[in-house]
Amino acid sequence: MPTPMRKRGIVVAKLGSSTLVDERFRIDRDFVRSLCDQIAALVREGYRVVLVSSGAVAAGLDRLGFERRPNDMGSLQACAAAGQVALAEAYGEVLAEYGISCGQVLLTRRDVIDRDGYLNARTTLESLIALGAVPIVNENDTVSIAEFTFGDNDTLGAIVSTLVGADLYVILSDVDGLYSANPSVDSNARLIPHVAHIDGDIVAMASGSAQGGIGTGGMSTKVRAARATMAAGIPTVICRGRAPHVLEDVVHGKGIGTRFEAQGNQHEASRKLWIGLAEIPRGSITLDEGARKAVVERGASILPVGIVRVQGEFDVGDVVNVLGPDGVLLGRGVVRYSSDDMVRVRGLRLDVIARFLPDKAGVPAIHRDELLVF
């Protein structure tokens, strides 16, 4: 059963555009007030809250006089620029009524790919929290380019959760949680209240779920985010964001939505979380069953002999996805071979590799210390 968060704990709440806007795709001011009321109530109880909020483009539509969402990048980024101001004002005005300050933090993936940038972002967030302010975090859509976007704020929320060492990550969605099938087309679909391990079945459920019409993240992105926070030892709840008092209820331990619970007390090191969450994968390697078991069950490094497939182009030191024989993502890690060399050595023992690549004698494909297993 879920338990209430510890007092003085940190909760990161992620809010999607589809939950924030009304039927005209404009910011729903009544909902903003309801959410800020809940945040203020939690702050009064001693909790510390970080809000990761989508909706900048939607907020900018009104500010710049658009009747509908534009399609060109320049107009979208202009809407984001104007909308960031509108969003900060909307949250700030209500929170100020409770004597609570807020601070806006805009991030791109480029900011956290660099290790120094990652640490600087963490310092900013921790300082705001220590000063009693509520950080309002969003992707900086005004300057993001395709290669450096998070792609969805579910992932951004997971990164923020690890940055601040959150005790709970809550994804406020437009659905009740993860269902066994798409409930809009399958009357037998059932809500999954608790997930302790993300396997192929859970991934398949997420892939078959309905997605909202305005946001960028569907259930698949939410489950990927939950998989990462579970590796960090942070429980994650996906729930319907517009349910009355839902954020307070989740923090207080009520069984709402789908809760992804990390097992045990082992938290991965911050470097591994940075590898798994912030870095952009440059390719992938697929393991055979023996290598999969060694990595998942025994915590082994990945050896070339256990690799059956190599995809993408990458260099030594890049991050790649690690896939199981069934194609399910097992984790991410830093490779010690280029993609060209990896193709040459896959399936071979280290003593054989040393004969034609002497500098790689005894070198695993990915060392366990640089591998985040989901």
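Predicted model: local features only at pLDDT ≥ 70, side-chain atom pairs only at ≥ 80, totals over all residues.

Reader: Okay, which residues of the largest nonpolar core touch the most other members?

Author: That core has 40 residues, and the ones touching the most other members are V12, V137, V160, V164, L178 and F260.

Reader: And which element gives the most to this core?

Author: Helix α7 does, with 6 residues, while the elements that each supply at least two residues include β1 (10-15), β2 (48-53), β3 (102-107) and α6 (115-130).

Reader: What lies apart from it?

Author: There is another core, of 37 residues, and among them are A90, Y91, L95 and L247.

Reader: Switching topic, in what order do the strands of the open sheet run?

Author: The order of its 5 strands is β10-β9-β11-β12-β13, with mixed pairing, and neighbouring strands are turned by 20° against each other on average, if direction is ignored.

Reader: Why is one side of β10 and of β13 left without a neighbour in the sheet?

Author: Because β10 (307-312) and β13 (371-373) stand at the edges, each has a single partner strand, and so one side of each stays without a neighbour there.

Reader: How do β11 and β12 pair, parallel or antiparallel?

Author: Strand β11 (residues 319-323) and strand β12 (residues 329-334) pair in the antiparallel sense, over 5 bridges, and V320 has G333 in β12 as its bridge partner.

Reader: Which helix packs on the sheet?

Author: Helix α12 (residues 289-298) does, touching β9 (283-287), β12 and β13, and the direction of α12 makes about 100° with that of β9.

Note on methods: Residues numbered from 1 in each chain as written. Heavy atoms only, no water. Core = buried A, V, L, I, M, F, W, Y, C linked by side-chain atoms within 4.5 Å. Buried < 20%, exposed > 50% of the residue type's maximum accessible area, 1.4 Å probe, protein only. Helix = DSSP H or I, 4+ residues; strand = E, 2+ residues; numbered from the N terminus. Pairing = 2+ DSSP bridges. Axes fitted to C-alpha atoms, helices over the stretch in contact; angles between N-to-C directions. Contact = heavy atoms within 4.5 Å.
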